[in-house]
Amino acid sequence: MTGDSDSADLIVVGSGIAGLAAAVSARQRGARVILLERAPREDRGGNTRWTEAFMRMRSENEVAHDFISHFAANSGAHLDPALVAETTGDFDTRSSLSRTLSMTDPDLIATFADHAGPTLAWLKTFGVRFDFLPSYLITTSTTRLAPVGGGLALGGQRRRCPL
């Protein structure tokens, strides 16, 4: 990068939903963004384009009643109960072992749940539509919301993104 036109505040690698969300949110906040993608235009979207993208939601604004408990129960492997107990405290006070285990931090799950509805509303501003679509999932313990068109619809909205 040599000139002003080649500089950026953020370089994002990959145009799956995570890369696109990072690039667009940074751009909306005034950052100069470069988005790098190795796939040809017709194949862009990363793994997102192949997923059904079902979400455990009661509505577009509210997560399912078992959202947090389901994530907590299904992330990582069986862990020492003493290490799990450490996760109820402040992250900075936890032992390095409990901070690096392959489990999802309960604070992260709670943050995910708190921001799910607002994130769907944000995605809708780019033309993504959501609905309670038929599911191939065997369990019916909760409703599952999905983007109309699956994961491809999430990445296919690039033409409406401010990049």
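**Entry 1.** I began with Arg 56 in this predicted model, and I noted that Arg 56 is buried, because its relative accessible area of 10% falls under the 20% limit. I then looked up what Arg 56 meets, and I found that its side chain and that of Asp 66 come together in a salt bridge, at 2.4 Å from N to O. Both residues lie in the loop between strand S2 (33–36) and helix H2 (67–73), so the pair ties together parts that are ten residues apart in sequence. Is Asp 66 buried or exposed? I wrote down that Asp 66 is buried, with a relative accessible area of 12%.

**Entry 2.** Next I asked which residue forms a salt bridge with Glu 60. The partner is Lys 124, and the closest N and O atoms of this pair are 2.6 Å apart. Since Glu 60 sits in the loop between S2 and H2 while Lys 124 belongs to helix H5 (residues 106–124), this pair ties together parts that are 64 residues apart in sequence. For the cover of each residue, I recorded that Glu 60 counts as partly exposed at 24% relative accessibility, and that Lys 124 is also partly exposed, with a relative accessible area of 39%.

**Entry 3.** I went on to Arg 94, which forms a salt bridge with Asp 107, and here the closest N and O atoms are 3.4 Å apart. I counted this pair as a salt bridge because the cut-off is within 4 Å. Arg 94 is in the loop between helix H3 (81–86) and helix H4 (96–100), whereas Asp 107 is in helix H5, so that the pair links distant parts of the chain, 13 residues apart. I noted that Arg 94 counts as buried at 4% relative accessibility, whereas Asp 107 is partly exposed, with a relative accessible area of 43%.

**Entry 4.** I then asked how many salt bridges a search of the whole structure finds. The search gives five, and those I wrote up include Arg 56 with Asp 66, Glu 60 with Lys 124 and Arg 94 with Asp 107.

**Entry 5.** I looked up Ile 11 in particular, which is found in strand S1 (residues 10–13) and is partly exposed, with a relative accessible area of 43%.

Note on methods. Residues are numbered from 1 along each chain as its sequence is written. This is a predicted model: local features need pLDDT of at least 70, side-chain atom pairs count only at pLDDT 80 or more; totals for chains, interfaces and linings use all residues. Side-chain values use heavy atoms; hydrogens and water are left out. Helices (H or I, at least four residues) and strands (E, at least two) are DSSP runs, numbered from the N terminus. Buried means under 20% relative accessible area, exposed over 50%, partly exposed in between (1.4 Å probe, protein chains only).
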